[in-house]
Amino acid sequence: MYSLTPSMLTGVSQLDAEHQDLVLAINLIEEAEHRHAVPDLIKRLIAFKDEMALHFRHEETYLDLLRYPARDAHAKHHAETLVALARMAEELDDGRLEPGDIAAACFNELLGTVLMMDMRFLNWHAEQKRRAGK
Ligand SMILES: [Fe+2]
Ligand SMILES: [Fe+2]
């Protein structure tokens, strides 16, 4: 079972709650993967992708509000993450990909990188606030 470590928390409660839900979705993927239930695994992977897409939309609205200068690059990475997830589901479906490392890849590679990118804008935001003397 996966969980968010303290270093993965952003301090923005809505974002943290959504990141937490993404981890829960990965745990459902892991459960289906352990059962070798490929149709369930694909369904849950697509549910994870949809939840990720919703979270990205919320986060991009937040980045717009902050006028984050690297907003477009950040959104581009979001879009690429969704493409990678869609590809994974497709490859599972046609047998090019076998269950085994799907949940681990979702957590370590996909979510790990997504959260690392989030830390960049949080650091930027903290620096903005510090400069403004807030
Ligand atoms: Fe993000
Ligand atoms: Fe995020």
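The buried residues of H2 are Leu41, Ile42, Arg44, Leu45, Phe48, Lys49, Met52, Glu59 and Leu63. A residue counts as buried if 20 or more other C-beta atoms lie within 10 Å of its own, as exposed if 12 or fewer do, and as partly exposed in between, with C-beta atoms placed from the backbone. These buried residues of H2 pack against H1, H3 and H4.

This is a predicted model, in which local features need pLDDT of at least 70, side-chain atom pairs count only at pLDDT 80 or more, and totals for chains, interfaces and linings use all residues. Residues are numbered from 1 along each chain as its sequence is written, and chains are lettered from A and ligands numbered from 1 in the order in which they are written.

**Confidence and overall layout**

The protein chain averages a pLDDT of 95, and 99% of the residues score at least 70. pLDDT is the predictor's confidence in each residue, from 0 to 100. Confidence is lowest in H4, at a mean of 94, and highest in H3, at 97. Where pLDDT is low, the predicted coordinates should not be read in detail.

The protein chain holds 4 helices and 0 strands. Its pattern along the sequence is α-α-α-α. Helices (H or I, at least four residues) and strands (E, at least two) are DSSP runs, numbered from the N terminus. The C-alpha atoms fill a box of roughly 55 × 25 × 20 Å, taken along the principal axes. Of the 134 residues in the protein chain, 19% are buried. Residues 24 or more positions apart account for 68% of the contacts with a separation of 6 or more. Two residues are in contact if their C-beta atoms, placed from the backbone, lie within 7 Å.

**Helix packing**

Axes are lines fitted to C-alpha atoms, for helices over the stretch in contact, and angles run from 0 to 180 degrees between N-to-C directions.

| Pair | Angle | Axis separation |
|---|---|---|
| H2 and H3 | roughly 175° | within 10 Å |
| H3 and H4 | about 175° | 11 Å |
| H2 and H4 | about 5° | 13 Å |

Angles under 35 degrees count as roughly parallel, over 145 as roughly antiparallel, 65 to 115 as roughly perpendicular and the rest as oblique. H2 and H3 are therefore roughly antiparallel to each other. The residues of their contact divide into 17 nonpolar, 3 polar and 5 charged. Here Ala, Val, Leu, Ile, Met, Phe, Trp, Tyr, Cys and Pro count as nonpolar, Asp, Glu, Lys and Arg as charged, and the others, Gly among them, as polar.

H3 and H4 are likewise roughly antiparallel. On the H3 side, their contact uses His74, His77, Thr81, Ala84, Leu85 and Met88. H4 supplies Ile102, Leu110, Val114, Met117 and Phe121. By class, this contact of H3 with H4 has 8 nonpolar, 3 polar and no charged residues.

H2 and H4 are roughly parallel to each other. Leu41, Leu45, Phe48, Leu63 and Leu66 in H2 meet Ile102, Cys106, Phe121 and His125 in H4. The contact of H2 with H4 has 8 nonpolar, 1 polar and no charged residues.

**Helix spans**

The 29 residues of H2 should span 42 Å at 1.5 Å a residue, and its end C-alpha atoms are 41 Å apart, which agrees. The expected span of a helix is 1.5 Å times one less than its number of residues. H3 has 23 residues and reaches 33 Å from its first C-alpha to its last, close to the 33 Å expected. Within H3, His78, Thr81, Leu85 and Met88 are buried. The buried residues of H3 pack against H2 and H4.

**Loops and exposed sites**

Most residues other than glycine have a negative phi. His36 has a positive phi, near 55°. His36 sits in the loop between H1 (13–34) and H2. With 11 C-beta neighbours inside 10 Å, His36 counts as exposed.

Arg67 also has a positive phi, near 55°. Arg67 lies in the loop between H2 and H3. Arg67 is exposed, with 8 other C-beta atoms within 10 Å. Just after H3, Gly95 takes a positive phi of about 85°.

Asp64 is found in helix H2. Asp64 is exposed, because 11 other C-beta atoms lie within 10 Å. The C-alpha atoms of Asp64 and Gln14 are separated by 16 Å, and the two residues are 50 apart along the chain.
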